Amino acid sequence: MTDMATGTPLSRVDGLLKVTGGADYAADHNPPGLLHAVLVTSTVSRATITGIDTAKARALPGVADVITDFGGVKLPFPAGEISFFGQPVAIALAGTLQQAQHAASVVAVRVTEKPAVTSMDDRQAIAVPSEEVADYARGDADAALKAGPIVLDNSFTVARENHNPMELPATVAQWSGDELTVWDKTQWVQGTGKHIAAALDVPESSVRVICPFIGGAFGSAGRTWPHQVLAAYAARRVKRPVKLVLTRKQMYSGVGYRPESRQRLALAAGADGRITGIVHELKTETARYEAYSEDAAELPKMLYTSPNVRSTYRLVPVDVSAGTFMRGPGFVTGAFALESTLDELAERVDIDPVELRLRNVADRNQITGTPFTQERFADCLRRGAEAFGWARRRPPKARREGNLLIGMGMASAAHPNYMSAASAVARINADGTAVVASATADMGPGTATAMSQLAADGLGLPVAKVRAMLGDSTLPTAPMHAGSATLASIGSAVHTASVAVRDAVVRMAVLDPASPLYQADPATVTVHNGVMSAPGHGSERYGDVLRRHGKDSIDSTQTWKPGDGKKASSYEFGAVFAEVSVDIRLGLVRIRRMRGVYDIGRVVNPKLAHSQAIGGLVGGIGMALLESTARDHRDGRIVNANMADYLVPVHADVPDLEAEFLDGADTASTPIGVKGAAELVIIGVPAAIANAVYNATGVRVRDLPITLDKLL
Amino acid sequence: MYPFTFIKAPTESAALAAGAQGGKYIAGGTTLVDLMRETVERPGKVVDITALPYREIESGPSALRVGALVRMADLAAHPVVRSRFPVISQALELSASAQLRNMATIGGNIMQRPRCLYFRDVTAACNRRAPGTGCAAIGGENRGHAVLGTSDQCVATHPSDLAVALVALDAVVLLRSRDGDRRIPVAEFIRRPGTTPDKEHDLRPGELIVGIEVPGGAHTARSGYLKVRDRQSYEFALASAAVALDIRDGVIRDARVAVGGVATVPWRLSDVERLLIGKAPGAELWAAASAHAADGAKPLHGNGFKVELAKRTVERQLASIGGAA
């Protein structure tokens, strides 16, 4: 079939709904009798709660209840205690949002404070091993550092970051007898349903979670947070539907963050630029009540051929809220240290940074020793260098335009192609339309659109005839919409289910004496625009055979499972290039242009993939230059918990961004040839920018974000 | 938000009467509503003055007169302001966002309350919001705070870009109350924190800003505003400089220099101006004069960089307005 839907730059199938206000997000649901809930949160980091005065709040007009005891609900932190600044301690419920807000603001929480430690750099903060990321060694990296001849040994820090999507965390919970319906902002409707059921001790089957649209999340809506549980809990207590929307300020301590990190990265190499040893020692902050580790150790171990590597990861538990994954979790942090160091090495051995990487590119996963399903890392590097005009790069401080120093930098990007078992149902209707559905989510990449395209090709239907459904926990089982795994996993399930239901109708036809396709070899039957045909036979529509069999529709639910990955390692690769200007006296760094080149297997929708990549570049610019959650460690308060003071890039900060994808498909990884993109596209960005700043100014900044005070 | 009553004043006399009874004036609402939501401001009565007539921009031979209800966007775009007072246009256009500039008024702009992170957090100590509670910023997160004009009570940076330009140009605030009219230089209207950081303005109870007046001259036509900040747009200044120069026959006849983002009030640099007047413009002069841009600075642990940044910002803007030669 020549007119495949896959590979075409289809606009988002839900785009019109989103831009016309027709897409109902979680907070848009207003069931009759709704109460608005507002959380009262702690204003100290560690304490015992001795009392909560609610009389004043309860006396206010419209106030239905103020819940303070949280009895009979499982939360991740101990009851009656305060474990972090901003912890929910009470819920005010009222008829209007304004009434609930006012009530919450007059609730007085009495506490007995205890000494708190909120900074991972505090002397009283003790690093402990991560249970998830084990120490790693191959060869003798410390001996390699001693042997040299080239040795680089530096420390890197990355500030804490918050996700800051447009849509605030929101939950609307409605009980009907023992049945709970939750309209929620979540990247995993089924996971949230399970979590709420367990927290409230009700059967999983009695909780339905619905989330067809997400206004951005970046990982913040992956796991289920206390406010989601508390909304359902409050609704049960007051026996009315409850809406709970976190404020922007509450978001900063309510839905996780990218943890602050400290890294030592030491590297030994020969004069030919070949890496001989890497020592990576990494620490991240974590909550005392809950350990969160991330894969920041992976790339220094995996990406380049180094016979000797030693890697340790430690967590530093402090009195803060729990962290969580934020786009490119861990990988972007580790890549900042690794790729900055490669840039330093390039200068030391006087080898072009792209060439240096090419000399160290591995043809197999350096941790597992297995070859890659497809390895086009070097292609990304070469293509990126060519397309960006890398050859025009000059030595540090050599390019000046008026008050501006101009520099170029680059970095590698890599991320495992995560995949999970996933299910989908495909249904062909006798009227010539089709539906494909899975309990996945779409936080922005265009999952529903890609599902429609893959289903259209699997079914032999025009994409306009296919409707994709997602974001309902009653749909076929899906993994969390995270880790760049959705399209590879859900897409493969959609493809499998679509082909299965198409084949089922084809079988009906070839076995049906009334069909023009009777006794045709099913393998020779093709379907185009819903019309089945085979050489030497006539043709008919799906609907014709379905109607003859008295069916309005036929469906198939299929589960796709990835391989065990033992023979080959499935990885995504990329290279990102940046050109920056730095004001010679004022220290202002501005991006002039950037380009990412990626190998993500088959691109189902070039338009959405491009948007995805641009979004990753923008996120990386934020991480490199602007984003930092400012905390006052005297009491653990987050002081810039708003969008005027926590800086994310605005349009003026992101001028000329380009992304391209290498042609091809990785069919060894998935039947649809797809690999993930979402994490990959942010991973090299901060390092590429830091390297460009060095090339412009000769100043190496190893602490993110690179603000002007570091360059004065 | 605390409950409040809201009235829309149909006339000036109605507004002044409501103000005299303790009503809080609101126009664009871009600051007040935010602060009410954070419960930093808890007015019992809010008086909408947008029906009042102060919407004229009058450019006379010697001065520019701007009604208090003129929107930031409209003043910035006014052709006379663009040509004869470019520092005002630029300061406005580098402020806030297009949406905010379409709503916010000139009177409200110079009434902006500080962007101190602790001032805006009612659970933190703040002498400006709650006198006597202390200043959390002095020992806390103070990268954005002031190094000039501070006291041991308050170190909050004045947030207005426009006010920096107005102070540089000796603009005057026009005030009206039931007791009559007053004219106060902007530089005196906005007060340093001293021991009473809660007293931000020389504004009597019920008094209403009806406009501002900016004297024009050869220097105002040769003027401009430089704003330095981490983000390219939509951020308060880390440092800014308003510069106006009258250069004739190779000599600086008049010089106006003020800095923002580094001081508790729009900070006029009279010493720098004195060093400039009567001299020939040039890179060496800019460097020598701007070296005094942060004289008297008292940096905190998080904002020491502002001392150097203020000097460099002034130097750059002097070169930009006066010429690098």
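**Figure 1. Parallel pairing of strands β11 and β12 in chain A of the predicted model.** In this predicted model, strand β11 of chain A covers residues 179-184, and strand β12 of chain A covers residues 207-210. The two strands pair in the parallel sense over 4 bridges. One residue pair that may be located in this view is A:Thr181 with its bridge partner in β12(A), A:Arg208. Between the strands, the chain passes through helix α5 of chain A, residues 189-200.

**Figure 2. A salt bridge between two loops of chain A.** The side chains of A:Glu167 and A:Lys185 meet in a salt bridge, with an N to O distance of 4.0 Å. A:Glu167 lies in the loop between β9 (150-158) and β10 (170-176) of chain A, while A:Lys185 lies in the loop between β11 and α5 of chain A, so the pair ties together parts that are 18 residues apart in sequence. Over all chains, a search of the whole structure finds 74 salt bridges.

**Figure 3. An open antiparallel sheet of 3 strands in chain A.** The strands of this sheet follow the order β4-β2-β6, and their pairing is antiparallel. Strand β2 of chain A, residues 47-53, pairs with β4(A) over 2 bridges. In this pairing, A:Thr48 stands opposite A:Glu81 in β4(A). Which strands stand at the edges of the sheet? They are β4 (81-82) and β6 (108-113) of chain A; each has a single partner strand, so one side of each is left without a neighbour in the sheet.

**Figure 4. The boundary between domain 2 and domain 3 of chain A.** The domain assignment of chain A gives domain 1 (26-116 + 163-254), domain 2 (261-418 + 566-710) and domain 3 (420-560). The centres of domain 2 and domain 3 of chain A, taken over C-alpha atoms, are separated by 39 Å. In the contact, 17 residues of domain 2 of chain A meet 18 residues of domain 3 of chain A. Together, these two domains bury about 1,300 Å² between them, and 67% of this area is on carbon and sulfur atoms. On the side of domain 2 of chain A, the residues that lose the most area to domain 3 of chain A are A:Tyr418, A:Val604 and A:Ile672, which together account for 39% of what that side buries. How many salt bridges are counted between domain 2 and domain 3 of chain A? The count is 0. Across this interface there are, however, 5 residue pairs in polar contact.

**Figure 5. The interface of chain A and chain B.** The contact involves 35 residues from chain A and 31 residues from chain B. The two chains bury about 3,000 Å² between them, with 54% of it on carbon and sulfur atoms. In chain A, the residues A:Arg585, A:Leu586 and A:Arg637 lose the most area to chain B, together 19% of what that side buries. The interface of chain A and chain B holds 6 salt bridges. In the salt bridge of B:Arg316 with A:Asp583, the closest N and O atoms are 2.7 Å apart. Polar contact is found for 17 residue pairs across the interface of the two chains. Among the elements of chain A that touch chain B, α3 (97-105) and β28 (631-632) each supply at least two residues.

**Figure 6. The two domains of chain B.** The domain assignment of chain B gives domain 1 (5-48) and domain 2 (218-322). Their centres, taken over C-alpha atoms, are separated by 36 Å.

**Figure 7. Local backbone features in chain A.** The peptide bond from A:Gly148 to A:Pro149 is cis, with omega near 5°. A:Pro149 lies in the loop between α4 (141-147) and β9 of chain A. The peptide bond from A:Leu704 to A:Pro705 is likewise cis, with omega near 0°. A:Pro705 is found in the segment after β31 (703-704) of chain A. A:Asn529, a residue other than glycine, has a positive phi, near 55°. This residue, A:Asn529, is placed in the loop between β22 (526-528) and β23 (531-533) of chain A.

Methods. Residues numbered from 1 in each chain as written. Chains lettered and ligands numbered in written order. Predicted model: local features only at pLDDT ≥ 70, side-chain atom pairs only at ≥ 80, totals over all residues. Heavy atoms only, no water. Pairing = 2+ DSSP bridges. Right-handed = clockwise from strand over helix to strand, strands pointing away. Domains from an automatic or database assignment. Contact = heavy atoms within 4.5 Å. Buried area = accessible area lost by both parts, 1.4 Å probe. Polar contact = N/O pair within 3.5 Å; in protein donor to acceptor, adjacent residues only side chain to side chain.
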